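Subject: Structure handover

Hi,

Here is the structure I promised to pass on to you. Have a look at it first, and then read on for my notes.

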Amino acid sequence: MPVLSDEGRAKVNLTLRVNGRRADGYHDLESVVAFADCADRLTLSPGSDLDLKMAGPLAQACGETSDNLVLKAARLLAERVPGMKAGSFSLDKVLPVAAGIGGGSADAAAALRLLSQLNGLAFDDPRIIEVAQLTGADVPVCVKSRGCVMTGVGETLQPLSLPKMPCVMVNPGVPVATRDVFNALGLRNGELLVGATDVLLQDRWPDEKASLEDWVEALAASSNDLEAPAMRVQPVIGEVISALNATNGAWLARMSGSGATCFAIYENTAEAGRAAEKLRRDHPGWWVHAGTLS
């Protein structure tokens, strides 16, 4: 059988609101999510053994292969699909790890799409959805890899029509554990940050006819509630946001997810490209990507 291939695109949280912490300890979130044009590449060579090989510039940062979310998702799906065909995965890792852009989740989502293809399952097969949720909070949104509003603990997805947003993404090369950031936020189990009425009067996001300016205005009125606690965990995040804000034409600079990756949105790709060049010159140790979000 031919080798199958897919990409795990970087997920960017354009906004992230923490509505509270549920009694079970999970945090209730609301986030506008976009996907970037930078991605890990995952291939699957069908065969009898399930395994994973890693290569690429950031493969070393992934830690133990046995803990990888690609294998976790595949094993969980095998428990639910009798006689599931699988094989050997190869991951070309280019996205930073523990970076707030869902790299591991995007890889797991790519694995689920490849296994769906190999086994003739629909992406919205209840077993795929269940396994995505069990693998990690960001995996369901990454299976679709489309702009949306994500609520709850990542299980409720409402599609959005996002314009192409010229952007620069920057990671300062320090991993940030999501758990540490939520600990710094310091909510107790069952503690709500917003009342029921706030949730009902949620932001109405722009529609498919809205311009890039309309979107930036709407996004600027919101925030990422994890930015301040993440800066306490890793102060360099503040430097990254300042550096992005200092580039010409940056309309909005913010942290993605639980950090440390930050992004800025620009009016056009030329400005984004020039900003990225400046950032690479000034901070040679940082991971910098200029491209588009959509």
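The lining of the largest pocket draws at least two residues from each of β1 (4–13), β3 (27–47), α1 (69–80), α2 (103–119), α3 (126–135) and α5 (178–185). Please keep in mind that this is a predicted model. The pocket itself has a volume of about 1,400 Å³. It is lined by 44 residues, and the closest to its centre are S105, G136, A137, D138 and T178. By class, the lining has 18 nonpolar, 18 polar and 8 charged residues.

On the α1 side, the contact is made by L69, V70, A73, A74 and L77, and α2 brings G104, S105, D107, A108, A111, L112 and L115. Sorted by class, the contact of α1 with α2 has 9 nonpolar residues, 2 polar and 1 charged.

**α1 and α3.** Here the axes come within 9 Å and cross at roughly 140°. As a result, α1 counts as oblique to α3. The crossing of α1 past α3 is right-handed. From α1, the residues L69, K72, A73, L76, L77 and R80 meet R127, I128, E130, V131, L134 and T135 of α3. This contact of α1 with α3 holds 7 nonpolar, 1 polar and 4 charged residues.

**α2 and α3.** How are these two helices oriented to each other? They pack at an angle of about 160°, with axes 11 Å apart, and are therefore roughly antiparallel. The crossing of α2 and α3 is right-handed. A108, L112 and S116 of α2 meet I128, V131, A132 and T135 of α3. In this contact of α2 with α3 there are 5 nonpolar and 2 polar residues, and no charged ones.

Finally, two backbone details to check in your viewer. Most residues other than glycine have a negative phi, and most peptide bonds are trans. In the loop between β5 (86–92) and α2 you will find A98, which has a positive phi, near 50°, although A98 is not a glycine. The other detail is the peptide bond from G259 to A260, which is cis, with omega near 5°. A260 sits in the loop between β9 (250–255) and β10 (262–266).

Happy to talk any of this through.

Best wishes

Terms used:
Residues are numbered from 1 along each chain as its sequence is written. This is a predicted model: local features need pLDDT of at least 70, side-chain atom pairs count only at pLDDT 80 or more; totals for chains, interfaces and linings use all residues. Side-chain values use heavy atoms; hydrogens and water are left out. On a 1 Å grid over the protein atoms alone, a cavity is a set of points where a 1.4 Å probe fits but cannot get out, and a pocket is an open set with protein on both sides within 12 Å along at least five of seven lines; lining residues have an atom within 4 Å of a point. Grid points are joined across faces, edges and corners, and a volume is the space filled by probe spheres set on the points. Helices (H or I, at least four residues) and strands (E, at least two) are DSSP runs, numbered from the N terminus. Ala, Val, Leu, Ile, Met, Phe, Trp, Tyr, Cys and Pro count as nonpolar, Asp, Glu, Lys and Arg as charged, and the others, Gly among them, as polar. Axes are lines fitted to C-alpha atoms, for helices over the stretch in contact, and angles run from 0 to 180 degrees between N-to-C directions. Angles under 35 degrees count as roughly parallel, over 145 as roughly antiparallel, 65 to 115 as roughly perpendicular and the rest as oblique. A crossing is left-handed if the near helix is turned anticlockwise from the far one by less than a right angle, and right-handed if clockwise. Contact means heavy atoms within 4.5 Å.
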